[in-house]
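Me: Could you walk me through this structure with a few questions and answers?

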Amino acid sequence: MTILAKHAALKQAYDELRESGVDPAHLKFDSVISPTEGVLNGRRTILMGTNNYLGLTFDPDCIESAVEATRSQGTGTTGSRMANGTYLGHSALETALADFYGRKQCMVFSTGYQANLGVLSALVGRGDHLMLDADSHASIYDGSRLGHAEVIRFRHNSPDDLYKRLRRLEGAPGERLIVVEGIYSMLGDTAPLKEIAAVKRETGAYLLVDEAHSMGVLGETGRGLAEAAGVEADVDFIVGTFSKSLGSVGGFCVSDSPDFDIMRIVCRPYMFTASLPPGVVASTLTALQKLRTEPHLRHALMRNAHRLYEGLQRLGFETGPEPNPIVAVSMPDQETAVIFWKMLIEAGLYLNLAVPPATPNNVRLLRTSISAAHTFAQIDTALDIFADVGRQLGFFVEGPRRAAGAL
Amino acid sequence: MRQNTQLAVVGGTDAAPNASIRSEISAIFEQVLGHPVSIEDETDIVEDLGMDSLGVMNFVMAIEDYYDLSIPLDRIAQIQTVADLIRAVQELRSGVPA
């Protein structure tokens with residue numbers, strides 16, 4: 001017995017995975033050479049599971065601004081903004097994000113995970129009610145435990161179930177905060193935000209939308225699902241991340257709440273951690289500018305998403321419900337999922353193996369995320385690899401067919 | 001005060017409502033699991049009934065629908081046995097705060 005013995009069940013599941021020859025937790029790239037290519041076990045591999053939606057990680061302007069800021073301001077801030085002060089870049093980034101979302105206030109965090117921890121724990125406390133979609137990201141669940149609010153889970157993407165649960169709270173004191181995500185990270189489905197906003201209005205709750213996977217992806221100008229659904233005015237808080245469409249690391253929250261600034265001395269995940277280094281802030285600012293001025297990136301992204309999604313469906317694979325940049329392929333069982341994933345990697349295609357408890361409803365998924373930087377040729381190669389592996393494993397496939405004809 | 005109220009509710013439950021909630025819960029278990037179950041107060045929901053986390057979530061949601069109440073996550077975490085669940089349902093129905 002060791003102090004870690006309490007994790008025996010998880011360890012057993014992990015050991016079984018490793019015995020089958022795969023270990024997603026220790027996958028090592030020899031190098032990553034572009035937003036869409038890396039070298040894995042000596043082999044050039046197409047990257048199709050890295051959330052690099054706009055493909056900006058190797059953008060020359062983003063790199064240049066990061067290098068310039070690093071040269072002029074150093075590699076790190078070596079502490080929090082409370083202790084070591086705010087750099088010009090931090091406030092410039094907050095101003096730029098507030099402007100992008102048309103909001104009065106913005107706070108930048110060191111990761112998207114911390115943004116959820118900080119914001120959720122600050123917005124609701126003891127006596128308040130936090131209404132979470134059952135399929136919420138781990139950072140939302142973890143944030144919900146930090147603030148001591150009463151946490152109530154509603155059925156995934158069910159405005160009716162949410163409404164029912166808010167109605168049960170009628171007359172109870174305390175605030176209500178509804179938390180949903182723009183695009184859910186495992187299946188790539190979007191929240192029914194119009195209907196959720198209607199529930200919010202009717203029940204007098206607050207609404208927070210995590211646009212981590214939808215910023216730069218959805219909406220006329222890339223602001224995310226709230227923009228696409230036309231309900232931005234109903235959304236009180238938007239949380240997002242820099243580590244997906246903006247190609248760096250960090251998180252943020254924007255709002256029009258007049259007393260928003262109090263969060264800077266309330267959010268412990270903001271106060272007690274080092275602030276983002278100048279290089280990261282600078283590349284993020286440049287990437288945000290590109291997101292705003294280069295809508296063709298978003299259009300290319302959606303074109304690619306459709307090509308992959310429809311191509312996989314044509315091959316006979318079962319995918320998530322919507323053609324978004326996250327495309328998940330359902331696997332019948334864990335063993336098949338593991339073998340399939342291993343064979344894809346051996347054939348030069350990297351994506352995510354997603355198994356419980358990280359997935360909703362105990363599903364086993366091969367999760368892809370597409371990028372604006374993928375070429376049609378790369379997507380077609382990926383589809384060919386999927387078809388080959390599927391055939392070898394006895395999946396019902398009609399054989400590799402290029403997706404080009406349909407687009 | 002709150003502690004006392006809670007104890008009073010728990011201590012004051014007589015056998016009849018307990019038994020009726022137990023049989024209702026048993027029916028919901030059967031519905032979710034798809035086979036008959038035999039439950040006692042001390043039945044461990046995860047260990048004895050072989051439920052995984054998804055099963056527990058579906059079961060909790062079925063209980064919530066049936067009794068028209070929401071069981072907050074911290075309360076779910078405290079529930080291990082059927083008796084714990086009966087107590088939680090009774091307390092939430094009588095409006096005792098968590």
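Reply: Helix H5 (residues 112–123) of chain A packs against helix H6 (residues 138–146) of chain A at an angle of about 35°, with their axes 8 Å apart. Helices here are DSSP runs of H or I with at least four residues, strands are E runs of at least two, and both are numbered from the N terminus. Axes are lines fitted to C-alpha atoms, for helices over the stretch in contact, and angles run from 0 to 180 degrees between N-to-C directions. This is a predicted model, where local features need pLDDT of at least 70 and side-chain atom pairs count only at pLDDT 80 or more, while totals for chains, interfaces and linings use all residues. Residues are numbered from 1 along each chain as its sequence is written, and chains are lettered from A and ligands numbered from 1 in the order in which they are written.

Me: Which classes do the residues of the contact of H5(A) with H6(A) divide into, and how many are charged?
Reply: Ala, Val, Leu, Ile, Met, Phe, Trp, Tyr, Cys and Pro count as nonpolar, Asp, Glu, Lys and Arg as charged, and the others, Gly among them, as polar. The contact of H5(A) with H6(A) has five nonpolar and six polar residues, and the number of charged ones is one.

Me: Which residues have the most contacts inside the largest nonpolar core?
Reply: A nonpolar core is a set of buried Ala, Val, Leu, Ile, Met, Phe, Trp, Tyr and Cys residues joined through C-beta atoms within 7 Å. Buried means that 20 or more other C-beta atoms lie within 10 Å of a residue's own, with C-beta atoms placed from the backbone. The largest core has 114 residues, and those with the most contacts inside it are Met131(A), Leu177(A), Ile178(A) and Leu193(A).

Me: What share of the 407 residues of chain A count as buried?
Reply: Chain A has 14 helices and 14 strands. Its C-alpha atoms fill a box of roughly 60 × 55 × 55 Å, taken along the principal axes. Of its 407 residues, the share that count as buried is 50%.

Me: Which helix gives the most to the side of chain B that touches chain A?
Reply: Twelve residues of chain B are in contact (C-beta atoms, placed from the backbone, within 7 Å) with eleven residues of chain A. Helix H3 (53–67) and helix H4 (73–78) of chain B each supply at least two residues of that side. With four residues, the helix that gives the most is H3(B).

Conventions:
Buried ≥ 20, exposed ≤ 12 C-beta atoms within 10 Å, placed from the backbone. Contact = placed C-beta atoms within 7 Å.
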